[in-house]
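This report concerns selected features of one protein model. The sequence and structure are shown first.

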Protein chains: 2
Amino acid sequence: MRRWNGWGDDSHQAQLADFAKALLADILGETHPLPDATMQEAIKNVPESRAPEHPLLDKSPETRVRHACGQSFPDWLEMRSGKFGSVADAVAFPETTEHVRELMDWAAEKDLILVPYGGGTSVVGHLACPRSDKPQITVALTRMNRLLDFDKESQIATFGAGVRGPDLEAQLAAIGYTLGHFPQSFELSTVGGWVVTRSSGQQSLRYGRIEQLFAGGIVETPKGKLEIPSIPASSAGPDLRETILGSEGTMGILTEVKVRVTPLPEAEQFYTVFMPDWESGVAAVQAITQGRIPLSMLRLSNAKETDIMLKLAVPEKKLSKLNMLFKFKGLTDQKCMLTFGLTGSKKQVAVNEKLANVHLKHHGAKRVLSKMLGDKWQENRYKGPYLRHPLWEHGVAADTFETAMDWSALRPYMSEIEDKVCNALKEQGIPVFAYTHLSHVYPQGSSAYTTYLFPVASSYEETMERWKIVKKVASETVVAHGGTISHQHGVGRDHAPYLPAEKGELGMSTLKTLSKHFDPDGRMNPGVLLGDEVASSTEPA
Amino acid sequence: MRRWNGWGDDSHQAQLADFAKALLADILGETHPLPDATMQEAIKNVPESRAPEHPLLDKSPETRVRHACGQSFPDWLEMRSGKFGSVADAVAFPETTEHVRELMDWAAEKDLILVPYGGGTSVVGHLACPRSDKPQITVALTRMNRLLDFDKESQIATFGAGVRGPDLEAQLAAIGYTLGHFPQSFELSTVGGWVVTRSSGQQSLRYGRIEQLFAGGIVETPKGKLEIPSIPASSAGPDLRETILGSEGTMGILTEVKVRVTPLPEAEQFYTVFMPDWESGVAAVQAITQGRIPLSMLRLSNAKETDIMLKLAVPEKKLSKLNMLFKFKGLTDQKCMLTFGLTGSKKQVAVNEKLANVHLKHHGAKRVLSKMLGDKWQENRYKGPYLRHPLWEHGVAADTFETAMDWSALRPYMSEIEDKVCNALKEQGIPVFAYTHLSHVYPQGSSAYTTYLFPVASSYEETMERWKIVKKVASETVVAHGGTISHQHGVGRDHAPYLPAEKGELGMSTLKTLSKHFDPDGRMNPGVLLGDEVASSTEPA
């Protein structure tokens with residue numbers, strides 16, 4: 001069953017091996033967990049629903065708790081403590097576009113706040129509302145999960161916006177197709193969520209980001225229905241898809257999504273190689289992407305991530321054997337793990353592997369358990385977030401942040417970011433451990449994805465304070481280097497303060513004008529994307 | 001020297017061979033040209049300038065005539081007759097972003113209309129203003145034509161928005177790079193024009209449309225400066241680039257453009273093959289694009305275009321020899337010419353040619369003078385528009401229109417469009433001749449580009465009436481089949497009436513809201529994109 005207070009289905013239980021616990025003690029010192037609330041305790045804290053009656057609503061406290069937030073670090077603390085800053089007054093479960101329209105008109109009539117909810121996987125605070133004197137309804141789209149139309153010749157599939165990754169792929173696989181959008185949240189997140197947060201999948205190198213896959217659809221807005229037809233490309237004025245992409249629920253609710261699909265590939269393989277050091281690793285991925293070698297996936301871990309990944313995954317005895325192998329190949333503790341994917345016809349896979357290998361070899365790549373480690377990556381591609389559980393239970397807080405920037409900016413950023421983060425709690429004498437990889441590589445630049453760990457404090461409040469400090473340092477460093485505040489997670493509440501650095505004053509007022517155009521009364525997911533200004537207008541004076 | 005009343009530089013004079021003239025007589029009957037105005041006559045018609053004084057202005061009638069319009073068919077009639085519906089009161093020649101800012105503030109102070117002007121190649125009516133009681137200033141960006149910055153590592157070049165294609169490519173070639181954006185207007189059009197009209201180059205299959213190449217830049221708007229930073233990809237809210245792409249001067253003036261460039265390719269080759277018929281041609285280009293074979297260019301002529309191209313280009317004697325060759329290869333009058341390009345490293349070119357050939361052969365492609373015809377295409381890639389001159393002087397009016405739609409819509413569209421166009425003037429007993437090709441092919445669908453010819457009437461007014469009828473029929477047929485009103489030319493004035501069919505009511509009001517946000521007084525290129533509603537607000541009551 002889906003966990004109410006964490007990531008994923010409880011049938012998958014991630015574990016920390018004893019050697020991993022020992023390693024954490026080395027890095028972070030002794031750590032102590034905080035007590036978790038039970039569902040019953042959480043329910044006790046839920047206020048009475050203020051929602052008016054409507055046949056599509058579920059007002060039960062448990063349903064409300066289960067949809068109270070996403071998976072950001074502040075969300076996590078709310079779930080584990082059972083104390084939510086705000087719980088929606090009810091959850092609506094529309095099954096059709098018409099239901100959504102009905103809910104929207106009803107919300108206008110009753111002056112309600114609406115929060116669209118897809119898979120509940122947001123890690124940046126998309127899904128909670130600020131406390132408001134208006135009742136707030138979470139609109140869960142999970143029942144809108146069918147393949148509604150398929151245009152085989154044009155390779156366009158139309159889905160209900162609430163379909164989750166595996167259900168979407170299963171319906172496509174049955175007819176021989178794939179969307180190819182595999183974010184780490186794939187098991188839980190929905191196609192509508194991908195669109196409105198501008199998500200990117202692990203194989204975006206082949207299939208494109210969701211911006212490239214989203215061909216059109218239907219958006220119900222307070223101002224009316226927006227229907228975006230599917231057209232392969234157009235010069236007919238500004239592209240309306242781009243106002244919905246990244247709108248994070250502030251402009252309306254996406255109900256149907258047309259996506260560009262591809263026949264299931266004939267062949268697919270992932271490999272891992274080791275580069276001598278960071279510089280050679282970056283040079284190799286630059287050469288491959290700037291040389292337009294059509295791989296389907298590229299991920300380059302820095303030396304710190306490479307080291308911790310190996311130490312956390314491999315028992316000490318086996319590791320020393322592996323280290324001998326590395327040594328034999330001339331690899332030092334500066335080595336960087338590079339995983340890449342090949343997808344397409346058998347011929348294309350063979351050809352592209354050769355083309356990529358020329359660059360990899362040229363930059364000193366060494367193969368150690370190449371296919372086995374590639375397979376391992378594939379096997380565990382969605383498993384990262386589950387690790388938060390055993391870490392938490394061991395008293396370790398885990399979070400990630402990510403950005404993208406031009407190659408020329410990435411070099412100075414990389415030399416600074418981990419230092420900044422690791423020293424963020426230095427004054428308090430608290431260690432932070434951080435490591436980074438590039439997972440979405442473009443000719444122009446790359447994403448950079450940092451994971452960080454720190455000891456849980458002796459209270460929820462203090463743990464939140466620690467996180468706030470680290471998050472602020474990380475975000476400010478991203479912004480100072482000209483990075484986007486998010487490459488794949490979105491803005492939500494957590495990143496809203498940093499959006500103006502990127503969009504500028506006129507850019508921010510443009511986004512606010514757009515939001516106001518679609519949602520003049522500010523009832524659509526206030527507080528998200530555009531920050532507190534909108535949110536506060538819905539709060540009691 | 002650049003022609004004042006037609007396309008391109010007068011050093012290139014296109015000619016109609018006698019056999020081509022005979023063919024036109026067969027198709028259109030006897031045709032008679034209209035008398036052309038001289039520059040002196042055109043100047044006589046220019047009203048006195050109402051522009052206030054400003055050091056950046058040129059008010060000379062000749063300069064005003066040279067910037068009075070673009071290259072649409074109505075523009076053409078104005079130029080050839082020397083009677084312009086409207087001539088700007090002055091042309092400003094800013095040299096820096098600061099100059100543009102200064103002009104914009106001055107326009108606000110003096111209540112003027114501003115019309116941005118790049119290469120003057122618009123074929124859909126972007127560049128004239130409706131008659132207005134406010135003085136109108138054309139802002140020619142041609143002096144803003146330098147490479148301002150180059151980030152080698154990130155492959156980002158920053159140009160003044162008024163740089164023309166050849167000057168842009170020459171500055172990049174000097175440092176070993178290319179943008180790879182080659183629309184047919186390349187010789188004259190500018191990078192800023194490409195962005196604000198969402199242009200697409202002939203090798204978009206490799207380099208992408210201008211949407212993919214435009215990384216950021218500076219836009220001066222009546223509301224202030226919009227600076228869009230270069231970021232490889234972002235999930236931080238709606239993408240502001242997309243409000244500028246296709247804005248056609250209604251939101252401000254793009255002054256600096258950051259573009260994604262590529263090292264000059266090691267190898268490039270174009271080939272022409274002949275497909276047995278339209279169906280097999282479509283099947284081949286679908287297989288290649290949907291199979292993700294990275295070609296750099298694909299163009300498929302229908303049988304009618306193939307036939308007329310050969311007949312217009314090859315003298316009868318040589319043609320009969322060529323026809324024997326076709327016959328020997330089993331090709332009939334249903335054959336369709338398919339030209340494709342390969343670009344990249346030598347290895348990539350060789351590999352991709354093999355991959356493409358598998359599909360071409362499978363669908364029955366025959367090679368006849370394959371490399372020679374490919375080279376010929378490359379040699380003449382920008383020469384099409386020059387043909388309007390000898391045709392016009394022979395009494396033949398020539399124009400084109402284009403769209404893009406999903407593959408499933410393209411089949412019924414193709415079976416109808418030429419019939420509709422060719423019969424548009426049937427009631428008046430006037431023949432129209434039309435032929436079509438696909439030149440931008442996507443996995444989802446394709447562009448379709450139709451050229452049509454009809455006899456010039458005995459007056460300019462009547463010729464304009466004939467064009468209006470054909471244009472209306474063509475546009476209505478495009479819209480009825482779900483095509484975009486333009487894949488690569490933009491909206492301008494000519495397509496504005498058909499934009500609501502594509503954007504919907506809420507979509508149109510969104511675009512109007514955006515325009516009003518940046519340009520509250522409606523002084524930026526009124527009448528374009530959003531149609532008469534905006535234009536009329538600037539007209540005398």
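The text below treats a helix pair, an annotated domain and one threonine.

The model is predicted, so local features need pLDDT of at least 70, side-chain atom pairs count only at pLDDT 80 or more, and totals for chains, interfaces and linings use all residues. Residues are numbered from 1 along each chain as its sequence is written, chains are lettered from A and ligands numbered from 1 in the order written, and side-chain values use heavy atoms, without hydrogens and water.

In chain A, the axes of α4 and α18 come within 10 Å and cross at roughly 170 degrees; axes are lines fitted to C-alpha atoms over the stretch in contact, with angles from 0 to 180 degrees between N-to-C directions. α4(A) is therefore roughly antiparallel to α18(A) (over 145 degrees). The residues in contact (heavy atoms within 4.5 Å) are tabulated here.

| Helix | Residues in contact |
|---|---|
| α4(A), residues 73–81 | A:F73, A:P74, A:L77, A:R80, A:S81 |
| α18(A), residues 460–480 | A:Y460, A:T463, A:M464, A:W467 |

These residues of the contact between α4(A) and α18(A) divide into 6 nonpolar, 2 polar and 1 charged.

An unreviewed UniProt entry lists residues 84–264 of chain A as "domain: FAD-binding PCMH-type". The end C-alpha atoms of that span lie 43 Å apart, and the span is 23% helix and 27% strand.

B:T513 belongs to helix α19 (residues 499–518) of chain B. B:T513 counts as partly exposed because its relative accessibility is 21% (the class lies between buried, under 20%, and exposed, over 50%, with a 1.4 Å probe and protein chains only). Apart from neighbours within four places in sequence, B:T513 is in contact with A:T513 and A:H517. A polar side-chain atom of B:T513 lies 2.7 Å from the backbone oxygen of B:S509.

Terms used: Helix = DSSP H or I, 4+ residues; strand = E, 2+ residues; numbered from the N terminus. Parallel < 35°, antiparallel > 145°, perpendicular 65-115°, else oblique. Nonpolar A, V, L, I, M, F, W, Y, C, P; charged D, E, K, R; others polar. UniProt positions renumbered as here; feature names shortened; annotations may be inferred. Polar contact = N/O pair within 3.5 Å; in protein donor to acceptor, adjacent residues only side chain to side chain.
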